[in-house]
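Subject: Structure handover

Hello,

I am passing this structure on to you.

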Amino acid sequence: MRGVFTLTHSSKKRKSLEKNTGAGYLFLAPALVFYSLFFIYPVIFSFVVSTKRWNMLVPLSRARNVGFSEYSYLLKDQMFLGILGNTLLYALATVSSTIVIALILAALINNAKLSVLWRFIYFTPVVTPQVAIGTIWGYLYRPNNGLFNSILKIFGIKPVYWLTDANVALISIIITAVWAGIGGSMLIITAGLKNIPQDYYDAAKIDGAGPFRQFFYITVPLLSPTLLFLTATGFIGAWQVFDLPFTMGRNAPARSVMTVSWYVYETAFQSLRMGRASAGAFLLFCVIFGFTLIILWLFRRGGIKGYE
Amino acid sequence: MNKRKAMKIFLEVIRYTIIIFGAFWMILPFFWLFSASLMTPQELMSDTPKWLPEKPQWGNYLQVLKKIPILTYYRNSLIVAGSVTLLVILTSSMAGFAFAKLRFFGRKILFSFVLSTMMFPVFIFLIPVYYLMKVFGWLNSYLSLIVPFAVSGYGIFLMRQFIMTIPDELLDCARLDGAKEFKIYTRIILPLIKPALATLAILTFIGQWNSFLWPLIVTSTAQRLMTLPVGISRLSLAFSTVETQHLILTALVYQVVPMVILFLYLQRYYIRGFVLSGFGNL
């Protein structure tokens, strides 16, 4: 019976191999139409715009061609380089701190009492709108009557100008972003922790390894695929950051917390310089692309075979 | 031996101290938000920050409804997030079915293409998609907030992974009985992937509910379409006077609470999707 079944199955499969090409494209049709309209076309359009001087009020065909002059302008512009620097610093600091803190907390909470409760508490900011988080933290960061400075005062520390000091504002926003992101990374790391066989820890204990050694010699290496995943996806999100700097950085000194997304938004939709905004977007995209390749290469060299 | 035991207890104490200390900081902003939403403007602005209001001003919650069209924001957010969610689960399950179970020319390349779209940052698309919306004449309608999010690369990926776990034999039996692919999709695939659809639905819904940049751009000229995050973020500009500033925080509670409750209620589905992907914010 079983034999007959597999036989019909395999011959049927070969048949369906030729058969459902039409059906395949039919089921994909909505996605394919969408991607041509909202992905391929925009990427090409955006690149064309980046070589024009255009304000969106006239048809694109009537816009003046300026070649790559917007790119060379931006690469010499101190303000844009500062914004690019903010975005890089934000992404590096947020992603690395979030993962390190989440890793430690996940390892501590795994198998702890009330672990479900802890995970829920740490996760709540992930479902909270970033705009709301930014506004709440904006109040907590107030220089004179904010909660944080009043806590510092108890310890006799002078008030910090969290969001109005150009040297501190970006760091304050990074702290908020890490606070908001820990729970998400923790959840994914916890899932990774559950996949590590308990035998490894038992064997390590017999060999006399303490909790710290177990963490660095078993947990961290075996989690590297998870950590690579978190790094790669974390950076994709962090490069695009808009909500937090935009809501928290309104009173920050001139552009000390501006990120590329915010710059594109402002240049395109407030100054109506579509060409310059697109060129800025493409410049960061090149950085991101190179960066992603480097991360993948570094992790590969780190000896991760399991991720292939 | 005794020394070892003492060491173990010491480490456990440190462990729970860190966990509880962290949890305290996670809760603090939410606690303060709720507490401040019940304060008088004077209490909120006083020089010595208050942790709790002297007398809770529950009236703030009614006052804010009178001053801002929060219900309109709610309605807009519901319409947009709801429609996007429906479209995404439809298009993702269809494309996921094609990638997982149908054989056709170019399947592998198309799937890699779908995956690679997730790497592209949103800011590349702002200008061209806005222009498209303008050309289509959609800038004054919900369509501009909904259609650009109707397909999700992440959703397609998630659905494909789930549908691949359905045995081929099941589909082939139905094919032997003369079922067409459309019938297989509606009668076999959809019922079997219900939990996955729930996961994708809640991830999409929360992501859309919280989405800010695109609605901010589109509704700048069409205020009646404003969603909650845009509407409330505008308050911080409009309500900067002392007498009304406390209402911003009350309005924020209206924005935050539904998502936290929804998450509490559907935690299981949300966490599963989150773990499977890590793309929490798509």
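Predicted model: local features only at pLDDT ≥ 70, side-chain atom pairs only at ≥ 80, totals over all residues.

In chain A the pLDDT averages 87, and 91% of the residues reach at least 70. Residues 1-18 of chain A have a pLDDT below 50, and beyond near neighbours in sequence this stretch has nine contacts in the model. Another stretch of chain A, residues 303-308, also stays under 50. For residues 303-308 of chain A, the model has seven contacts beyond four places in sequence.

Chains A and B touch through 78 residues from chain A and 73 residues from chain B. On the side of chain A that touches chain B, the most residues come from helix α2 (residues 21-49) of chain A, which supplies 18. By class, that side of chain A consists of 53 nonpolar, 22 polar and three charged residues.

Within chain A, helix α6 (residues 130-140) is largely enclosed by the rest of the structure, because 11 of its 11 residues are buried. Among the buried residues of α6(A) are Gln130(A), Ile133(A), Trp137(A) and Leu140(A).

Chain B has two parts: domain 1 covers 2-59 and domain 2 covers 60-277. Their C-alpha centres lie 33 Å apart. Where they meet, 13 residues of domain 1 of chain B are in contact with 12 residues of domain 2 of chain B. On the domain 1 side of this contact, the elements giving two or more residues are α1 (2-36) and α2 (41-45) of chain B. That side has nine nonpolar residues, four polar ones and no charged residues.

The last item is a helix pair in chain B. Two packed helices are described by the angle between their axes and the distance between the axes. For helix α4 (residues 70-101) of chain B and helix α11 (residues 194-210) of chain B, the angle is about 145° and the axes are 9 Å apart. The crossing of α4(B) past α11(B) is right-handed. The residues that α4(B) brings to this contact include Ser77(B), Val84(B), Val88(B) and Ser92(B). Those from α11(B) include Leu197(B), Ala201(B), Phe205(B) and Trp209(B). By class, the contact of α4(B) with α11(B) holds 10 nonpolar and six polar residues, with no charged residues.

Regards

Technical notes. Residues numbered from 1 in each chain as written. Chains lettered and ligands numbered in written order. Contact = placed C-beta atoms within 7 Å. Helix = DSSP H or I, 4+ residues; strand = E, 2+ residues; numbered from the N terminus. Nonpolar A, V, L, I, M, F, W, Y, C, P; charged D, E, K, R; others polar. Axes fitted to C-alpha atoms, helices over the stretch in contact; angles between N-to-C directions. Left-handed = near helix turned anticlockwise from the far one by under 90°. pLDDT = per-residue confidence, 0-100. Domains from an automatic or database assignment. Buried ≥ 20, exposed ≤ 12 C-beta atoms within 10 Å, placed from the backbone.
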